[in-house]
Amino acid sequence: MLSQKTRYTIRALQHLADTFGQGPVRLDAIAEAQNIPRKFLTVILSEMAREGVVISQRGRDGGYELALPPVDIRYGDIIRLTRGSLALVPCASRNAHEHCANCLPEADCRLRGLMIRLRDDMADMLDTVTLADPITLVPPFDETAQA
């Protein structure tokens with residue numbers, strides 16, 4: 001599962017993508033529109049500014065805006081910046097590889113092979129979708145339906 005921080009970051013950046021080219025957006029406007037706690041959003045946007053994804057402007061007319069066009073910001077990169085990896089288990093991570101506790105040796109673990117394949121397929125997809133791409137809204141699942 002994506003962390004709350006990653007989800008907040010994606011929503012904040014989507015908001016800035018929607019207003020790209022219209023000037024800085026005030027932190028309070030992003031927080032209210034995206035239902036993100038103001039304190040948390042301040043930390044997230046500061047991190048994204050350090051990474052060169054957003055620009056921060058102080059003052060009465062200040063706020064935040066994307067440093068790059070939305071077409072140049074891929075979802076895979078956002079997740080890597082906030083989460084560190086697309087892998088679901090540490091032994092399948094390219095950048096944050098760790099041996100799994102209480103597991104088989106990696107050479108004998110079929111789960112690791114499956115998770116590496118999943119990581120690669122997910123990376124292929126997330127690295128082709130940018131903040132400029134339309135995302136289809138999906139209605140909520142029917143709570144009464146049986147699995």
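User: In what order do the elements run from the N terminus on?
Analyst: Bear in mind that this is a predicted model. The chain has five helices and two strands. From the N terminus on, the order is α-α-α-β-β-α-α.

User: At roughly what angle do the axes of α1 and α2 cross?
Analyst: Take α1 as residues 4-18 and α2 as residues 27-34; their axes come within 10 Å. The crossing is right-handed. As for the angle, it's roughly 115 degrees.

User: Which residues of α2 make the contact with α1?
Analyst: By class, this contact has five nonpolar, two polar and one charged residues. Helix α1 brings Arg 11, Ala 12, His 15 and Leu 16. From α2 come Ala 29, Ile 30, Ala 33 and Gln 34.

User: How far apart are the end C-alpha atoms of α5?
Analyst: Helix α5 covers residues 110-126, which is 17 residues. At 1.5 Å a residue it should span 24 Å. The model agrees, with the end C-alpha atoms apart by 24 Å.

User: Which helix do the buried residues of α5 pack against?
Analyst: The buried ones are Met 115, Arg 119, Ala 123 and Leu 126. Seen down the axis they fall within an arc of 75 degrees, so they line one face of α5. On the other side, Arg 110, Arg 117 and Asp 124 are exposed. The buried residues of α5 pack against α4 (75-83).

Notes: Residues are numbered from 1 along each chain as its sequence is written. This is a predicted model: local features need pLDDT of at least 70, side-chain atom pairs count only at pLDDT 80 or more; totals for chains, interfaces and linings use all residues. Side-chain values use heavy atoms; hydrogens and water are left out. Axes are lines fitted to C-alpha atoms, for helices over the stretch in contact, and angles run from 0 to 180 degrees between N-to-C directions. Helices (H or I, at least four residues) and strands (E, at least two) are DSSP runs, numbered from the N terminus. A crossing is left-handed if the near helix is turned anticlockwise from the far one by less than a right angle, and right-handed if clockwise. Contact means heavy atoms within 4.5 Å. Ala, Val, Leu, Ile, Met, Phe, Trp, Tyr, Cys and Pro count as nonpolar, Asp, Glu, Lys and Arg as charged, and the others, Gly among them, as polar. The expected span of a helix is 1.5 Å times one less than its number of residues. Buried means under 20% relative accessible area, exposed over 50%, partly exposed in between (1.4 Å probe, protein chains only). The arc is that of the directions from the helix axis to the C-beta atoms.
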